[in-house]
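Please consult the sequence and the structure while reading.

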There are 2 protein chains.
Amino acid sequence: MNRPIRTRRQATLASLAAELGVSRTTVSNAYNRPDQLSPELRRRVLETARRLGYPGPDPVARSLRTRKAGAVGLLLTENLSYAFRDPAAVGVLEGLALACEDAGVGLHLVPASPGREDRETTAAVHRAGVDGFVVYSVPDDDPHLAAVLQRPVPTVIVDQPQIDGVDRVGPDDASATATLAGHLVELGHRQVGVLCMRLARDRNDGFVPISRQQEAHYHVQRTRLATLADTFEAAGVDWQSVPVVERFEHTVDDGASAARQLLDAYPRVTALICTSDILALGAMAEAGRRGLRVPADLTITGFDGIAEATRAGLTTVHQPVLEKGKAAGRLLLGAGDRVTPKVITLPTELRVGTTSAPPRTAEERWFGP
Amino acid sequence: MNRPIRTRRQATLASLAAELGVSRTTVSNAYNRPDQLSPELRRRVLETARRLGYPGPDPVARSLRTRKAGAVGLLLTENLSYAFRDPAAVGVLEGLALACEDAGVGLHLVPASPGREDRETTAAVHRAGVDGFVVYSVPDDDPHLAAVLQRPVPTVIVDQPQIDGVDRVGPDDASATATLAGHLVELGHRQVGVLCMRLARDRNDGFVPISRQQEAHYHVQRTRLATLADTFEAAGVDWQSVPVVERFEHTVDDGASAARQLLDAYPRVTALICTSDILALGAMAEAGRRGLRVPADLTITGFDGIAEATRAGLTTVHQPVLEKGKAAGRLLLGAGDRVTPKVITLPTELRVGTTSAPPRTAEERWFGP
DNA sequence: GTGAAAGCGCTAACAA
DNA sequence: TTGTTAGCGCTTTCAC
């Protein structure tokens with residue numbers, strides 16, 4: 001396959017019109033409103049365009065004029081690499097991409113390197129030529145988010161944070177978590193431990209004091225922890241005594257190391273509650289390494305319901321991630337001039353797998369079942 | 001968190017300048033060249049901007065003026081969903097995203113729904129406000145690709161197709177495949193079967209005649225098949241007699257069904273050569289289902305070297321997918337006004353795992369090892 | 001350090 | 001069916 005030499009965009013709509021001896025409108029119409037001119041003339045226009053190497057109306061100029069960029073921006077503070085590795089995130093991304101595809105608009109991934117927090121960092125947000133933004137799971141004090149909110153375009157937030165006046169799509173974390181916690185309480189677990197994701201932008205790989213739990217900048221994690229606390233307190237458990245281990249990175253390995261850290265210090269916990277499936281998968285690996293049988297010796301639960309979790313038989317809360325992304329895209333694209341913000345709450349479902357069971361009694365622990 | 005009422009973009013750079021009683025230049029400088037005006041004045045400008053709810057220079061207008069969109073377009077014909085599911089594709093995507101992040105430019109995913117092939121379909125390509133395109137693994141007759149090539153911006157193709165005058169990043173498929181095939185020949189395999197990916201835009205789930213192999217519109221697949229043919233012919237195998245099964249979709253399940261189809265018809269093959277790890281993984285699953293031990297009863301090889309393959313001990317050709325994406329991004333972003341097209345060939349490495357071994361002799365087959 | 005002028009390339013009333 | 005007229009909002013020489 002060969003290609004023609006590329007002339008450095010000399011041809012413009014205007015020069016084409018001049019060449020043809022018609023007005024710019026006519027050329028424009030040839031591209032945008034075929035019904036506004038005779039087929040014959042249109043053919044001539046397109047033909048001459050090809051001859052002159054005119055690639056069609058410049059997209060940027062058109063955007064400026066029509067006030068439509070034909071793209072939606074996606075902000076995820078995390079390194080993209082992360083997004084591509086977490087199946088739950090991929091699901092959201094995929095759903096969003098699908099919605100964009102349907103609408104024929106592009107998906108513009110905004111480069112938001114965390115770390116550098118100066119004005120330069122948020123510049124990418126201001127530079128993005130988009131008709132709206134989808135923000136996926138960022139902390140409530142994220143500077144990029146602030147920048148997005150300044151832009152005069154509609155915005156939809158997925159999962160977190162919750163901000164008054166801004167559209168949001170996400171599950172009801174409180175009730176989902178309450179259901180999960182209820183399941184564990186019912187099974188009889190009272191000595192539990194928790195593995196959670198990043199709670200703020202500063203790194204804290206280790207145990208989490210109550211204060212940090214309550215001040216978490218990630219609303220989703222905050223809600224899940226608070227709901228767990230409420231539910232277990234109601235069952236007579238002193239939440240102060242419940243170990244919570246945080247991990248900055250969200251990988252299976254980090255889940256494993258978090259489980260190790262927790263179990264080393266609290267070997268008597270009967271259940272490990274993880275705020276994501278990824279962490280739970282890591283916890284299961286660590287349990288295996290220690291010779292702990294799941295669920296006989298240790299109950300482990302996750303959150304999200306990713307395929308790997310289902311395959312592993314994990315007890316978890318499933319949420320429709322693909323739908324979440326789709327809903328966000330559709331909400332944004334169909335935003336129009338809606339005045340009242342919309343909140344879409346997606347259904348979740350407790351999926352009891354083979355990793356949760358009643359705790360063994362002390363006697364069973366020492367003397368076998 | 002609350003947010004201010006959003007005024008429908010009334011403020012512009014001009015109105016701000018008017019309000020302040022300064023020229024537009026000054027306001028522009030306040031944003032783009034802080035050193036061109038007194039700190040005091042700059043402060044006043046920014047302050048007034050905030051008061052008026054001016055979100056900073058409009059990105060589209062700026063792009064038109066500066067002739068820089070601040071984004072690179074990514075074209076992958078396949079549904080995005082596919083891209084997100086194939087680890088090799090995700091690697092490329094991730095590498096590209098990394099390169100974009102480094103350069104502070106956005107990554108614009110072009111919606112390219114396959115199927116509809118009319119002018120409307122390629123419109124998205126023409127509508128994308130980008131400074132260049134990365135094209136990932138599309139057939140050589142793809143209309144979107146043709147549209148991309150018409151746009152007066154630099155383009156880098158990853159993997160396929162190979163087009164004269166266009167930058168390309170990819171492995172040396174021929175030599176990589178030759179090495180792999182050599183390994184199998186050396187082990188003694190002469191009765192082999194091949195599982196390959198889509199060869200053209202039309203669906204053909206089944207056996208592939210030589211003609212279709214040679215006319216494949218996916219250059220990578222074509223090269224791999226041709227190289228296999230050459231290598232085995234050189235070893236005395238009549239390629240005409242070698243079954244090749246194609247699958248349109250690229251999933252583990254399709255790999256399994258392809259293996260089934262091939263093994264049902266050719267139960268005596270001693271090795272299954274798959275042009276991707278995904279297909280190979282499926283083939284392994286099918287082998288297991290049939291009670292065939294790998295590699296004792298059947299040798300299976302893949303291509304790509306994805307993590308799952310390594311975990312499964314698959315004999316495969318590893319290629320640095322992340323680097324591939326990064327290289328593409330950097331090549332594009334650093335394109336400048338280069339005249340001579342550049343081709344970057346990435347290194348590959350044969351990784352012999354636990355799925356390849358010498359074929360059993362006929363006697364062994366019937367009477368045990 | 002600041003301002004005036006000249007477009008970037010295009011589309012959309014409105015007229016003819 | 002085609003052309004005229006106005007900008008969309010911004011940056012950038014080049015004077016002052």
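## How chain A and chain B meet

In this model, 60 residues of chain B are in contact with 60 residues of chain A. The model is a predicted one. Together the chains bury about 5,100 Å² between them, and 57% of this area lies on carbon and sulfur atoms.

Strand 2 of each chain, residues 106–109 in chain A, takes part in a pairing between the chains: the two strands run in the antiparallel sense and are joined over three bridges. As one example, A:Leu109 has B:Leu107 as its bridge partner in strand 2 of chain B.

Side chains of opposite charge can pair when their charged atoms come close. Between chain B and chain A there are four salt bridges. There are also six residue pairs in polar contact between the chains, counting pairs with both residues at pLDDT 80 or more.

Which elements of chain B supply at least two residues each to the side that touches chain A? They are helix 4 (59–66), helix 5 (80–85), helix 6 (87–103), strand 2 (106–109), helix 7 (119–127) and helix 8 (143–150). Helix 6 of chain B provides the largest share, seven residues. By class, this side of chain B has 30 nonpolar, 14 polar and 16 charged residues.

Over all chains, the count of salt bridges comes to 40.

| Salt bridge | N to O distance |
|---|---|
| A:Arg67 and B:Asp58 | 3.1 Å |
| A:Asp140 and A:Arg222 | 3.8 Å |

The pair A:Asp140 and A:Arg222 links distant parts of chain A, the two residues being 82 residues apart. A:Asp140 is in the loop between strand 3 (133–136) and helix 8 (143–150), whereas A:Arg222 is in helix 11 (residues 219–234).

Methods. Residues numbered from 1 in each chain as written. Chains lettered and ligands numbered in written order. Predicted model: local features only at pLDDT ≥ 70, side-chain atom pairs only at ≥ 80, totals over all residues. Heavy atoms only, no water. Contact = heavy atoms within 4.5 Å. Buried area = accessible area lost by both parts, 1.4 Å probe. Salt bridge = Lys/Arg side-chain N within 4 Å of Asp/Glu carboxyl O. Polar contact = N/O pair within 3.5 Å; in protein donor to acceptor, adjacent residues only side chain to side chain. Helix = DSSP H or I, 4+ residues; strand = E, 2+ residues; numbered from the N terminus. Nonpolar A, V, L, I, M, F, W, Y, C, P; charged D, E, K, R; others polar. Pairing = 2+ DSSP bridges.
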